[in-house]
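Subject: Structure handover and findings

Hello,

Here is the structure you asked to take over. My notes on it follow below.

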Amino acid sequence: MQKVVYTQYGPPEVMQIMDAPVPEPENGEILIRNMAAAVNPVDYKVRNGSLKFIAPGKFPRTPGGDMAGIVEKAGSGTSRIKAGDKVFAMLSMAGGGYAEYLCIKEDLASLIPSGFSFEEAAAVPLAGLTSLQALRENAGIQKGMQVLINGGSGGVGIYAIQIARYFETEVTAVCSSKNVEFVKAFGAHHVIDYTKEDFTRSSKQFDIVFDAVAMSSLGKCRKILRKGGSYVTTVPSPATFFQQATAFLRSRKASFIMCKPGHKDLDFLAKMMAEGKLRTHIDKSYPIDQAAEAHKYIETGRVKGKLVIKMEH
Ligand SMILES: NC(=O)c1ccc[n+]([C@@H]2O[C@H](COP(=O)([O-])OP(=O)(O)OC[C@H]3O[C@@H](n4cnc5c(N)ncnc54)[C@H](OP(=O)(O)O)[C@@H]3O)[C@@H](O)[C@H]2O)c1
């Protein structure tokens, strides 16, 4: 089987295709014939070494925090998932998704609802779980709240808009001019075009500001946050750490999301998908031998929705 590996940190070209034996599932694991993997910004941040202190690991490494495929074999100690099931999962920080076969803990996997391609399913876990956990756990989203999503057109943003809608909130998305209709199609009630207007100077106030692209701060968003409101970001700064630790002293909270894998929250997203409430937009799909091209694109920060790698087998 083929997989992408790199043996040192560096530019996209450090990634190479390698032939490897199909792994055997250990206790509690399932072996998956992988059909698609999402490409997330964390993949290139780990590859170029900028996350080496948060996500240390041995070489060779295989990138990829998401996968969708068919269970080939369920190992001993598994009970929920069986051979032949179509599953998707978020993997750990160690990655491993850019591979034709992989073994994962059964606890990470959920069943893919019918009617979705493997590419659509692979796109969801990491970005969708980030949005769900940021809005529900960090910010305590409730029906009727005013929610602002900065970066509404990105991988995290498209799911954040739909999840905020699912919780019956009023959603304002921030994006550039070219993506205004795109974020409206995902359910944004209102749109702020960041090329024309600074959202932190809006006259409106919000209960939640979810900064999916981590371009702002609690300080900048204070005026647009209601008392008791939450600013949640996807990339922490020293200021966010301090504000999170001292949240009990503050009238407005700041926190960062550290997305956790697991089938329980993924089942929630699978239910939304089955109900037609969580859709995906695949900006571009790549064969496994073009992983470097996929990384070059995601590093531009201009991806609309999601990028995926489709396994050819
Ligand atoms: N902590 C965690 O657990 C966690 C989990 C997932 C992601 N993340 C992080 O979250 C960030 C976003 O991830 P992602 O997957 O959504 O990234 P992405 O898909 O690569 O984001 C690209 C999108 O961001 C938009 N964008 C760029 N600059 C913007 C700006 N100034 N204002 C508003 N929108 C802007 C782009 O639209 P335009 O081209 O129109 O500007 C594009 O659609 C990354 O840094 C990622 O590493 C963290």
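Helices and strands are DSSP runs, numbered from the N terminus: a helix is H or I over at least four residues, a strand is E over at least two. This is a predicted model, in which local features need pLDDT of at least 70 and side-chain atom pairs count only at pLDDT 80 or more, while totals for chains, interfaces and linings use all residues. Residues are numbered from 1 along each chain as its sequence is written.

I start with L307, which sits in strand β15 (residues 306-310). Burial is counted from C-beta atoms placed from the backbone: a residue is buried with 20 or more other C-beta atoms within 10 Å of its own, exposed with 12 or fewer, and partly exposed in between. L307 counts as buried because it has 24 C-beta neighbours inside 10 Å. Two residues are in contact if their C-beta atoms, placed from the backbone, lie within 7 Å. Leaving aside residues up to four places away in sequence, L307 touches V39, D283, K284, A294, Y297 and I298. From L307 to M258 the separation is 49 residues in sequence and 21 Å in space, C-alpha to C-alpha.

Domains

The chain is divided into domain 1 (2-124 + 280-310) and domain 2 (127-256); the bounds come from an automatic or database domain assignment. Eight residues of domain 1 are in contact with nine residues of domain 2. On the domain 1 side of that contact there are three nonpolar, three polar and two charged residues. The classes are: nonpolar for Ala, Val, Leu, Ile, Met, Phe, Trp, Tyr, Cys and Pro; charged for Asp, Glu, Lys and Arg; polar for the others, Gly among them. The C-alpha centres of domain 1 and domain 2 are 27 Å apart.

Ligand

Where does the ligand lie relative to the domains? Domain 1 and domain 2 both give residues to the shell around the ligand, so it lies between them. There are 33 residues around the ligand, and G154, G155, S176, T234 and C259 come nearest; a residue is near a molecule if its C-beta atom, placed from the backbone, lies within 6 Å of it. By class, the shell holds 18 nonpolar, 12 polar and three charged residues. At least two shell residues come from each of α1 (41-47), α3 (125-138), α4 (155-166) and β9 (170-175).

Of these elements, α3 is mostly covered, with 11 of its 14 residues buried. Among the buried residues of α3 are P125, L126, A134, L135 and N138. G140 follows α3 and has a positive phi, near 60°. β9 is mostly covered too: five of its six residues are buried.

Sheet

β9 also belongs to an open sheet of six strands, in the order β10-β9-β8-β11-β12-β13, with parallel pairing. Two strands pair if DSSP finds at least two bridges between them. At the edges stand β10 (190-193) and β13 (253-256), each with a single partner strand, so one side of each has no neighbour in the sheet. From one strand to the next the twist averages 15°; the axes are lines fitted to C-alpha atoms, with angles running from 0 to 180 degrees between N-to-C directions.

The pairings, taken along the sheet:

- β9 and β10 run parallel over four bridges, and A173 has V191 in β10 as its bridge partner.
- β8 (residues 146-150) is joined to β9 by five bridges in the parallel sense; Q146 is partnered with E170 in β9.
- β11 (residues 206-211) and β12 (residues 225-233) pair in parallel over five bridges, with F210 bridged to V232 in β12.
- β12 and β13 run parallel and are joined by four bridges; S230 stands opposite K253 in β13.

Backbone points to check

Most residues other than glycine have a negative phi, and most peptide bonds are trans. F59 and P60 are joined by a cis peptide bond, with omega about 0°. P60 is in the loop between α1 and β4 (66-74).

E168 is not a glycine, yet its phi is positive, about 60°. E168 lies in the loop between α4 and β9 and is exposed, with 11 other C-beta atoms within 10 Å. A214, also a residue other than glycine, has a positive phi near 50°. A214 is in the loop between β11 and α6 (218-221) and is partly exposed, with 18 other C-beta atoms within 10 Å.

Regards
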